[in-house]
Structure formats: structure tokens, C-alpha cells
Amino acid sequence: MPRVLHGPLVLADVGGYTAYVRGVELEHATDVLADLLGTVATSLGPVVPVVKFEGDCVFAAGGDPPADDTSLLTAVVDTYVGFRRRQRAISVATSCDCDACRKIPDLGLKIIAHRGSFVAHDVAGSRELTGADVILAHRLLKNTVTEETGLRAYGLLTDAACGELQVADLPQI
């Protein structure tokens, strides 16, 4: 019988990627995405282990022991900063003038962080997580933050992810 685990569930999604990839050179767009997702996984992974890549999204969960509230918030901030630095470095370093390379600055990073229960199991050779909290974390990617705030890149942390952190000074919607 699988063991129920409890810990952080983090989705780091490259925002604007669908619009970005339409009509640009796929070879370059794919390389850019791979580079940026690698940066996200390298930053987030030591605090919240990467479970898998889901298209333009890194899904990370758990940890042994699971990250505490402060470590989780620090990882979210560090991951965003690392993404922006790498994005800027790629954009500045390229001499290519194709649409994929010119539009690198159009990408953003949306990070969803939640904390809850889940079960890990293997399905056809792939590690999958199940549970109501996994579903909730994924549903939070479909939100109205951009429409309500104009932000294309942001961190959205649930109350469960924040735990005992004092986050009253952070903007909330």
C-alpha cells in the first residue's frame, strides 16, 4: 500500500510560452525552453525535489525532510531570480535575430506553491503524484492573477504553503 506523503507542491510554469512558440523557429524556441527549465530545476530541486517536467512547467514536490516555510519561500524567490538572470543572459548573449531569440524577454515565470498530502506511485515507468492537493496545485495555474494585476510573472503561495510565515505585507488577491 502506498504511503501518504506531506510536503510542498510547487509548479514553476514558463508563462507566455504558448504565444511565444507560435510562429517562431521551433529549434531555437525548444533550446531556450530547455535552458530555462534546466535553470528552474537546478534552483528549485535542492529544496523541493523535481518530480517531472510537464511541457513548459517544472513540477516539484516533497523532500526528505520537506522544506520548512522559510526555505520554501526562499526557494521560490531564488528560482524566480535565477530564471530572470538566465533569461537575460541568453537574450544578451545571442547574436541571432530570429523571432524565437528576439522574443526571449517576452517569457515570464509563474510559480505556484502549495503544501499538502499526496501519494507517489509508478505508472508505465513514470513517477506520478496523486491526491486532492496535487489537483489543487495544478488548478491554481489556471488563475486570474494576470487579468487582475497585469503581472505576467509572479509567485502564488497558498495559505498552506505559507504556514506560520508573516506574509501580511505581501500583495494578496
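**View 1. The second largest pocket of the predicted model.** About 190 Å³ of space lies in this pocket (an open set of points on a 1 Å grid over the protein atoms alone, where a 1.4 Å probe fits, with protein on both sides within 12 Å along at least five of seven lines; the volume is the space filled by probe spheres set on the points, which are joined across faces, edges and corners). The lining (residues with an atom within 4 Å of a point) has 13 residues, and G15, G16, K110, T146 and R152 lie nearest the centre.

The model is predicted: local features need pLDDT of at least 70, side-chain atom pairs count only at pLDDT 80 or more, and totals for chains, interfaces and linings use all residues. Residues are numbered from 1 along each chain as its sequence is written, and side-chain values use heavy atoms, without hydrogens and water.

**View 2. What lines the second largest pocket.** Strand β4 (108–123) and helix α6 (145–149) each supply at least two lining residues (helices, H or I, at least four residues, and strands, E, at least two, are DSSP runs numbered from the N terminus). The largest share, three residues, comes from α6. By type, the lining has four nonpolar, five polar and four charged residues (Ala, Val, Leu, Ile, Met, Phe, Trp, Tyr, Cys and Pro are nonpolar; Asp, Glu, Lys and Arg charged; the others, Gly among them, polar).

**View 3. Helices α2 and α3.** Helix α2 (residues 26–44) packs on helix α3 (residues 69–93) at about 150°, with the axes 9 Å apart (lines fitted to C-alpha atoms over the stretch in contact; angles run from 0 to 180 degrees between N-to-C directions). The two are therefore roughly antiparallel (over 145 degrees). Residues of α2 in contact (heavy atoms within 4.5 Å) with α3 include L36 and V40; those of α3 include F83 and I90.

**View 4. A cis peptide bond.** D64 and P65 are joined by a cis peptide bond, with omega about 0°. P65 sits in the loop between β3 (57–61) and α3.

Notes
Parallel < 35°, antiparallel > 145°, perpendicular 65-115°, else oblique.
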